[in-house]
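Subject: Structure for your files

Hello,

Here is the structure you will want to have open while reading. My notes follow below it.

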Amino acid sequence: MTGPRSSPKARDGGELLLVGVGTMGRPYLDAAARLGVPVRAVESEAAWNSRPAELAQRFYRVRGGREEDWVGAVAHAVAERAPDGLIAFAEPHVLAAALAQERLGLRGPSLHAAVVSRNKALQRATFGAYGVPQPEYLHVGRIAEARDWMLDRLPVVVKPLTLSGSEGVELVKDAAAVDEVVARRADEGEVLVEEAVDGPEFSWEALVRDGEVVFENHTAKETTRPPHFVELAHRCGHRFDSEAETPVQALTTGVLRALGMRTGLVHLEFKVGRRGPVLMEVAVRTPGDYLPDAVGLTYGFDLYEAVVRLSLGLPVPALPRQPVRYAATVFPTAPPGTIRAIEGEAETLAHPAVVRVRLRKGPGDTVRPLTSSSQRMGHVLVAADSPTEREDALKFVRETLRVVVTPTGTDSRT
């Protein structure tokens, strides 16, 4: 489908191809419009009817959800006309974009970085060769093959190779749980089994240009308790003490080197355990959970626009190194059941530190046990002038935004 054509002047910055839009990718289109950059976009069948047709010259429909379907749609788009820059939004888009970037000589993370980032077992093998601190692990074709290994190293974590958002990740604590998970996941195929690292979880968001870090942020994470570790809040602008700062920097530098990272956005997750920082996994695409919004509020610039500039080789203004505010995303929770009402939404939005309240569920919807981030009911974005004020705002949100749920046979309020 075609939209309004850009003026000849708009072509001065080149043309961008965005792979995947949905809801969280739309700021890329807004940023391109501000820069006067024409955009074409590749979009999924599921999001096709809600695509922002007015923000792109043309959309290409992906008729399927496999990575091969995205590769075909991107190949069609670049065969029609080679873009000057190409951005992959989410995990299923990374390989399709990297193949086109490599073929056309466009700026991007590198095909090596893209392939390694898409498979947790490839990450473990690659980073182990480069001496990056990471958990002890075993990659097996069937989980039953790891039974003895797990029993010797309890507790352990079981992970699928390619999913994201905590999907399929679970802690296995004792021998009985080993037998249960082996039986339940017997037909899953390849999995990664790792030693469980006990310690707080963080992420590192970085903009990289030709292998050089031009911006970085650390995010402190809050998750559900085991076994699934679903993220409940992200606090941007975290600062490590002097003792932890050096090994954290060594970890991030080592990961970039092992990846062969060239240009783009990196999202790296790690824990700080008794051995110091230990890599969990890395992605070379836009982080989820509206983290770019929170990062931008924390440092006072538009992260999406910076990524667009990097992809097109446009000048990137000097980026800040210190927070100007302290933002966070928080995800409301409720016990399993049927939502009867959501209370306090207007009061929450009226708080001076609350930037946005966006809920995906409402009265009549079902709340299921929280085992992955896709099951969360929405998010609240806050930004405050200090870490203390941010904590006060998060406390206010959690006390004020109340999800009233009716479990089977009873009423409950959280």
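The buried residues of helix α10 are Leu303, Tyr304, Glu305, Ala306, Val307, Val308, Arg309, Leu310, Ser311 and Leu312. Buried means under 20% relative accessible area, with exposed over 50% and partly exposed in between (1.4 Å probe, protein chains only). That is 10 of the 10 residues in α10 (303–312), so the helix counts as mostly covered. The cover includes β1, α1 (26–35), β4, β9 (201–209), β12 (264–273) and α9 (291–299).

This is a predicted model: local features need pLDDT of at least 70, side-chain atom pairs count only at pLDDT 80 or more, and totals for chains, interfaces and linings use all residues. Residues are numbered from 1 along each chain as its sequence is written, and side-chain values use heavy atoms, with hydrogens and water left out.

Helices (H or I, at least four residues) and strands (E, at least two) are DSSP runs, numbered from the N terminus.

At the start of α10, a side-chain oxygen of Asp302 comes to within 2.9 Å of the backbone nitrogen of Tyr304. Gly313 follows the helix, with a positive phi near 75 degrees.

Now the sheet. Four strands form an open sheet in the order β3-β2-β1-β4, with parallel pairing; two strands pair if DSSP finds at least two bridges between them. β3 (58–62) and β4 (85–88) are at the edges with a single partner strand each, so one side of each has no neighbour in the sheet. β1 (residues 16–19) and β2 (residues 39–44) pair over 4 bridges, and Leu16 stands opposite Val39 in β2.

Regards

Key: Contact means heavy atoms within 4.5 Å. A polar contact is a pair of N or O atoms within 3.5 Å; within protein, one must be able to donate a hydrogen and the other to accept it, and residues adjacent in sequence count only if both atoms are side-chain atoms.
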